[in-house]
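User: I am new to this structure and would like to learn how to read its features one at a time. Could you take me through them, giving the general idea before each case?

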Amino acid sequence: STMHNQTSFSANVSFEVDEQAHSYTSTPEVYFKTKKEAKQSAAQVACTALHLVSEEETPGNLLEGGPCLISSQESALVHGVNWKNRLQEFLQQSHSPLPEYSSTGSSSDGFVSEVCVCLMDGKQRTFSSKVACANKAAADMATAHTAYLAVVQLGRTQPDLVTDNSLGYANKREFEEWHKQQQMAKPTIETRKTSSNNHICKVKFCNGGLECEGDEQTTKKHAEEAAILAAIEQLKRVGIWSNS
């Protein structure tokens, strides 16, 4: 832990998993009143990033002591993700209405949020992270994270609920985050035109020489999305896709 002044702390936790180094810091730009709270925050960030806690359940005591109130960054699987923006952008790809948030709670007990989402079938669905957060903004962020994961899964199992653009958007975001988590160089995406003036994209990995080509598409955007989906499927087949 690090003392920033007489009353505020941040913390960092470092360890190895399968000979791979990991390092996680308590909520960025947020300082805690005690070392214990800062360490609790760092532990929460690490456990969430490594999928050791469920996104839909309060993790409880990761260190000795009472339950913690988590921040918006701690509700994310990947640092720097704004899940409210992510959910909104996913829905916009399907021309769905904007999500509507509501929250309850207090600064002493924490805040819990709900979000109402409407997909292409017109049915309203309500999601909540059920995690006590330090403020309303953090509660909305945690709930947006839960809702995003849920609607993406719904879209993949029931394609009539969202458009291909939404699924392509989700695949691209997951692919970007996957190679960041693996601490690997960013794969390159090459596009070429076919004789019929369509587009074909190929994803090339810098490590291992893996190349994946998507199906022919009428637009460059859709060709890129097809190549990314082909890459994800290939990574799953060889057993190195950690988000599956």
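Predicted model: local features only at pLDDT ≥ 70, side-chain atom pairs only at ≥ 80, totals over all residues.

User: How many bridges pair strand 8 and strand 9, and in which sense do they pair?

Analyst: The general idea is that strands of a sheet pair through backbone hydrogen bonds, either parallel or antiparallel. Here strand 8 and strand 9 pair in the antiparallel sense, over 6 bridges. They form a hairpin with 5 residues between the strands, and in this hairpin Asn197 takes a positive phi near 70 degrees.

User: In what order do the strands of this open sheet come, and which of them stand at the edges?

Analyst: The open sheet is formed by 3 strands in the order 8-9-10, with antiparallel pairing. Strand 8 (188-193) and strand 10 (211-213) stand at the edges, and each has a single partner strand, so one side of each is left without a neighbour in the sheet. From one strand to the next, the twist averages 20 degrees. Strand 9 (residues 199-204) is joined to strand 10 by 3 bridges, and Lys202 has Glu213 in strand 10 as its bridge partner.

User: Which helix packs on the sheet, and which strands does it touch?

Analyst: Helix 5 packs on the sheet and touches strand 8, strand 9 and strand 10, while its direction makes about 40 degrees with that of strand 9. A residue to look at in helix 5 (residues 220-237) is Glu224. Leaving aside its neighbours within four places in sequence, Glu224 is in contact with Lys172, Ile189 and Cys201. With Lys172 there is also a polar contact from side chain to side chain, at 3.0 Å.

User: What do the hairpins of strand 5, strand 6 and strand 7 look like?

Analyst: Strand 5 (residues 100-106) and strand 6 (residues 110-118) pair in the antiparallel sense over 7 bridges, and they form a hairpin with 3 residues between them. Ser106 stands opposite Gly110 in strand 6. Strand 6 also pairs with strand 7 (residues 124-128), again in the antiparallel sense, over 5 bridges. Cys118 stands opposite Gln124 in strand 7, and the hairpin of strand 6 and strand 7 has 5 residues between the strands, with Gly122 in the turn showing a positive phi of about 80 degrees.

User: At what angle do helix 2 and helix 3 pack, and how far apart are their axes?

Analyst: Two packed helices are described by the angle between their axes and the distance between the axes. In this model, helix 2 (residues 83-92) and helix 3 (residues 136-157) pack at an angle of about 35 degrees, with their axes 8 Å apart, and their crossing is left-handed. The residues that make the contact include Trp83, Leu87 and Phe90 of helix 2, and Met141, Ala144 and Tyr148 of helix 3. By type, the residues of this contact divide into 9 nonpolar, 1 polar and 3 charged.

User: How many aromatic pairs does the structure hold, and why is the pair of Phe90 and Tyr148 given the type it has?

Analyst: A pair of aromatic rings is described by the distance of the centres and the angle of the planes. The structure holds 3 aromatic pairs. In the pair of Phe90 and Tyr148, the ring centres are 5.8 Å apart and the planes stand at 80 degrees, so the pair is edge-to-face. This pair links distant parts of the chain, with Phe90 in helix 2 and Tyr148 in helix 3, 58 residues apart.

Methods: Residues numbered from 1 in each chain as written. Heavy atoms only, no water. Helix = DSSP H or I, 4+ residues; strand = E, 2+ residues; numbered from the N terminus. Polar contact = N/O pair within 3.5 Å; in protein donor to acceptor, adjacent residues only side chain to side chain. Contact = heavy atoms within 4.5 Å. Axes fitted to C-alpha atoms, helices over the stretch in contact; angles between N-to-C directions. Left-handed = near helix turned anticlockwise from the far one by under 90°. Nonpolar A, V, L, I, M, F, W, Y, C, P; charged D, E, K, R; others polar. Pairing = 2+ DSSP bridges. Phe/Tyr/Trp six-rings, centres within 6.5 Å; stacked < 30°, edge-to-face > 60°.
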